[in-house]
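Hello,

Here is the structure for you to look at. My notes on it follow below.

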Amino acid sequence: MLRNIKQLYGDKLGAYDGEIGHVTDFYFDDKHWTIRYVVADTGSWIPGRSVLISPHAFDRFPQSGKVLPVNLTRKLIEDSPATETHKPVSRQYEEEYYRHYNWPFYWQGNEVWGMSGFPILSKKSKPFQGEPSPKNGAKPERPDSHLRSTRDVIGYQIQAGDEIAGFVTDFMMDDKSWKICHLIVNTGNRFSENKVLLSPGQVDRISWDESKLYVNVTKEAILGMPASDSAGRASSDADKTPLLL
């Protein structure tokens, strides 16, 4: 089932032993267009701190309600490596984070989640030992994380050749794989909505400096893409896939 990212902002998060805060953002990998972390505001529980929750901690999304169950304890979350959400998430931090929870690195393997297309953990799997140290004692090179904030990218302009074709208003993700399947693009202006669904495969690159997404299709092609209603559902007869709750 596909979910609108913006509709999940503000949802409460519940651990095994109590509430842990609410959703404020999502970090996605711009190489695989997959959500890697939920950003949670912990409120008065851990004042002044946000925490990252990996999709590994979620078994499922509830069909109704505004509380997302997290398969962790408050203590385990509280003891997790601290992050500064105003700074980029480094691969060094991710390694420390994944070792804390004893989860396999998602960047090791040929699938979206390393050895799987879904963030599913086997109860019978052996404890994860991490990467082996090089024999010569040198530290392995860490690739960039390529993580971006959905909140930051919402509002970015769509650059199609020499023309601006609209701006990003939302994302739609699959709640099983956590892959972003569509970007919802407003091809009108800030006051008139004319939304279409853009595929992540049509995005060549994201420019932080320019606040733009460069795409490999023309403005005319974007204007002819399947339209979406005010909630982001495809309204074209060509797409009958249910997109929302």
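The second largest pocket of this predicted model has a lining of 13 residues. Those that lie nearest its centre are Tyr27, Thr85, Lys87, Ser149 and Asp152. Two elements give two or more residues to the lining of this pocket, namely β3 (18–29) and β7. The largest share, three residues, comes from β7. Sorted by class, the lining of the second largest pocket holds six nonpolar, four charged and three polar residues. The volume of the pocket is about 250 Å³.

Strand β7 (147–149) also turns up in the packing of helix α3. This helix runs over residues 91–101. Its buried residues are Arg91, Tyr93, Glu94, Glu95, Tyr97, Tyr98 and Tyr101. Besides β7, the buried residues of α3 pack against β4 (34–41), β5 (50–53) and α2 (74–78). Just after the helix comes Asn102, with a positive phi of about 60°.

Now the protein as a whole. The chain has 245 residues, and 48% of them count as buried. Its secondary structure comes to 13 strands and five helices. If you take the contacts between residues at least 6 apart in sequence, 54% of them join residues at least 24 apart. The accessible surface is about 13000 Å², and carbon and sulfur atoms account for 49% of that area.

When you open the model, you could start with β7, which gives three residues to the pocket lining and has buried residues of α3 packed against it.

Regards

Conventions
Residues numbered from 1 in each chain as written. Predicted model: local features only at pLDDT ≥ 70, side-chain atom pairs only at ≥ 80, totals over all residues. Heavy atoms only, no water. Buried < 20%, exposed > 50% of the residue type's maximum accessible area, 1.4 Å probe, protein only. Helix = DSSP H or I, 4+ residues; strand = E, 2+ residues; numbered from the N terminus. Contact = heavy atoms within 4.5 Å. 1 Å grid on protein atoms, 1.4 Å probe; cavity = no way out; pocket = protein on both sides within 12 Å on 5 of 7 lines; lining within 4 Å. Points joined across faces, edges and corners; volume = space filled by probe spheres on them. Nonpolar A, V, L, I, M, F, W, Y, C, P; charged D, E, K, R; others polar. Areas by Shrake-Rupley, 256 points an atom, 1.4 Å probe, with all protein chains shown as cover.
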